[in-house]
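This report describes the overall dimensions of a single chain and then turns to one local site. The sequence and structure are shown first.

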Amino acid sequence: MTIMPGAEPISVDGSEVGVVLCHGYPSTPQSMRGWAEHLAGAGYSVRVPLLPGMGTQWKDLNATGWQDWYGAIDLAYQQLSARCSTVFAAGLSMGGLLATKLAQDKPDLAGLVVVNPIYAHTNPALKVLPLLQHVLPSLGGIAGDIKKPGVVELAYDRNPLRAMYSQTKLWKIVVEDLPQLRLPVLLFTSRTDHVIPPISWQTFLKRVGSDDVTQIFLEDSYHVATLDNDAELIFTESARFIQRLTPQRP
């Protein structure tokens with residue numbers, strides 16, 4: 001399979017502090033490149049895997065499910081854990097969901113950063129998705145919700161429904177286990193998001209078990225905030241969050 005130019009995974013070796021960054025659905029590491037470069041510039045080791053089924057053609061995504069995507073994030077975590085003493089997880093949209101699952105499964109993670117994560121949705125079409133995914137391969141795309149003029153997200157222009165249905169199964173799994181999530185969390189939420197409604201982050205805040213949760217509202221960005229007007233705020237505050245939770249060395 002041919003990978004779209006610009007969709008390649010990102011890997012940077014730096015200090016003994018590592019960060020797994022996870023892109024969203026149905027996107028690519030391109031949406032995380034600026035964030036990855038900022039963290040790498042701060043000296044951290046960074047991994048941004050290309051999730052299976054993404055970055056090629058949309059039909060490939062229907063042959064995958066959340067277990068495949070999570071497997072890629074878990075592998076990136078293992079790679080960083082082998083060389084880093086401290087590891088963080090971070091993600092955008094569905095990448096935030098996967099990063100949350102990783103934080104639930106790996107209590108040795110130092111912290112979690114999520115940007116407009118998906119845990120719940122109010123779209124009535126979701127009620128028929130279990131049936132619809134068997135008869136309709138895809139619907140119109142959901143990518144590219146960016147306020148900043150001239151910026152394009154490298155992602156599919158279709159929403160593959162079998163993959164989408166698999167994603168909704170992971171919502172339920174992660175939300176069920178949120179009370180057991182005790183890691184420090186930095187949550188970024190856009191005031192205006194045309195993809196994910198407020199019930200998603202509200203569900204997270206209502207159920208998460210951590211007593212160290214900081215929410216920062218993004219006033220000038222839509223859903224793909226890592227490519228939008230508030231990107232620098234995300235980059236700066238996440239680096240500050242990581243620094244706060246990183247053991248100081250002599």
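With 250 residues, what radius of gyration does the chain have, and what value would a compact globule have? The model is a predicted one. Its chain has a radius of gyration of 17 Å. A compact globule with 250 residues would have one near 18 Å, so the chain agrees with that expectation.

**Overall architecture**

The chain holds eight helices and nine strands. Along the principal axes, its C-alpha atoms fill a box of roughly 60 × 40 × 35 Å. Among contacts with a separation of 6 or more, 77% join residues 24 or more positions apart. Further values for the chain as a whole are tabulated below.

| Property of the chain | Value |
|---|---|
| Share of the 250 residues that count as buried | 56% |
| Distance between the mean positions of the 20 positive and 23 negative charges | 5 Å |

**The site at Gly209**

Gly209 belongs to the loop that joins helix H7 (199–207) and strand E9 (213–218). Is this residue, Gly209, buried, partly exposed or exposed? Its relative accessibility is 27%, so Gly209 counts as partly exposed, given that buried means under 20% and exposed over 50%.

Beyond its neighbours within four places in sequence, Gly209 is in contact with Leu178, Pro179, Leu181 and Arg182. For one of these residues, Pro179, the C-alpha to C-alpha distance to Gly209 is 4.1 Å, although 30 residues separate the two in sequence.

Terms used:
Residues are numbered from 1 along each chain as its sequence is written. This is a predicted model: local features need pLDDT of at least 70, side-chain atom pairs count only at pLDDT 80 or more; totals for chains, interfaces and linings use all residues. Side-chain values use heavy atoms; hydrogens and water are left out. Helices (H or I, at least four residues) and strands (E, at least two) are DSSP runs, numbered from the N terminus. Buried means under 20% relative accessible area, exposed over 50%, partly exposed in between (1.4 Å probe, protein chains only). Contact means heavy atoms within 4.5 Å. The radius of gyration is taken over C-alpha atoms; the globule rule is 2.2 Å times the number of residues to the power 0.38. Lys and Arg count as positive and Asp and Glu as negative; His and the chain ends are not counted. The place of a charge is taken as NZ of Lys, CZ of Arg, CG of Asp or CD of Glu.
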